[in-house]
Amino acid sequence: MKALVVRLDSFGDVLLAGPAVRAVAAGSDHVTLLCGPRGEPAARLLPGVDDVLVWEAPWEGFDPPSVAEADAEGLVRLLRDAAFDTALVLTSFHQSPLPTALLLRLAGVPRIGADSVDHPGRLLDVRHRRLPGRHEAEAALDTAAALGFTPPAGDDGRLRVLPPPDTIALTGNGPYVVLHPGASAPARAWSPQRCAEAVAALADAGHRVVVTGGPGETDLTRAVCGGTAVDLGGRTDPRTLSGVLRTADAVVCGNTGPAHLAAAVGTPVVSLFAPVVPAGRWAPYGVPCVLLGDQRAPCAGTRALTCPVPGHPCLGEVTADDVVAAVHKLLAETT
């Protein structure tokens, strides 16, 4: 059986689809993951994926392409030629799978399943409805099960990636705590000043600190390090970052892709979680976690990219001492 799994949004979203992908792989001969460009690096880290197709949908992302630029007809031709037997469309709780399902139906995919609030007509063969408040990783597994794919024996359903590389040449010897100051949306980021204060406070408490960030965040990581931490800003690709996170004692970061990557390599997370989306659905999954941030702040549930409340109080009131205490709580629980 040739199976297609679709997850078109971000890096972290694709990582959260990992357990469902493994369930599909257990019941298929070949699994292709169709993802967007932001999710591609995560797709290539997932066990069970035989092939990756990348397509930028005109309904996904912060700056999606026009319908003409997206070339949906080209995608339909590609999918038709691939002759998939079944397709699992995975979306977040606030997204519709039906645009994707329509393209799959036009491509001749004979069996399509997804979670859908909206009436699907003839676009879905299996219409699943998720349980209220279900975590995104669990909801994806539930949808896969509705389509007939269940995890193989011994699979605990946690996030997982391919074995990370040895990164001691980057991090140096000895234990360390990772602080990742960036986030995909400003509403989900702790302020650079508070991040710098946390680096200093963790160092004062006896921790060696490693600061991580992408190629566009080197100014941020340099400022946050303050001459105290190891600055890995711009020096890690996603696979290398998985190695850095795997050997950390704990990871401190917002609700962003590296939080889910840390969970995928089994590292405890101090989650600076802005409640613009529900923590019950998006918090680091399957690892010890301390959630910081006012989950009842006025921004809760708004899905805002930029904080709608002056002063960003949901995270602005979290202090460096709170982070140090959370790290120590995790270390006490896991040692």
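This is a predicted model: local features need pLDDT of at least 70, side-chain atom pairs count only at pLDDT 80 or more; totals for chains, interfaces and linings use all residues.
Strand β7, residues 177-180, pairs with strand β8, residues 209-213, in the parallel sense, and three bridges join the two.

Stepping back, these two strands belong to an open sheet of six, and the pairing in it is parallel. Read across the sheet, the order is β9-β8-β7-β10-β11-β12. At the edges sit β9 (230-233) and β12 (289-292), each of which pairs on one side only. From one strand to the next, the twist averages 20 degrees.

Helices accompany the strands. Helix α11, made of residues 238-246, packs on the sheet and touches β7, β8, β9 and β10 (250-254). The direction of α11 makes about 155 degrees with that of β8. Helix α15, residues 320-334, lies across β7, β10, β11 (269-272) and β12.

The largest pocket holds about 1,100 Å³ of space, and 39 residues line it. Which of these residues lie nearest the centre of the largest pocket? They are Ser 10, Phe 11, Arg 38, Ser 184 and Thr 256. Two or more lining residues come from each of α1 (11-16), α11 and α12 (257-264). Helix α12 gives the most, with four residues. By residue type, the lining divides into 14 nonpolar, 17 polar and eight charged residues.

Definitions and conventions
Residues are numbered from 1 along each chain as its sequence is written. Side-chain values use heavy atoms; hydrogens and water are left out. Two strands pair if DSSP finds at least two bridges between them. Axes are lines fitted to C-alpha atoms, for helices over the stretch in contact, and angles run from 0 to 180 degrees between N-to-C directions. Contact means heavy atoms within 4.5 Å. On a 1 Å grid over the protein atoms alone, a cavity is a set of points where a 1.4 Å probe fits but cannot get out, and a pocket is an open set with protein on both sides within 12 Å along at least five of seven lines; lining residues have an atom within 4 Å of a point. Grid points are joined across faces, edges and corners, and a volume is the space filled by probe spheres set on the points. Ala, Val, Leu, Ile, Met, Phe, Trp, Tyr, Cys and Pro count as nonpolar, Asp, Glu, Lys and Arg as charged, and the others, Gly among them, as polar.
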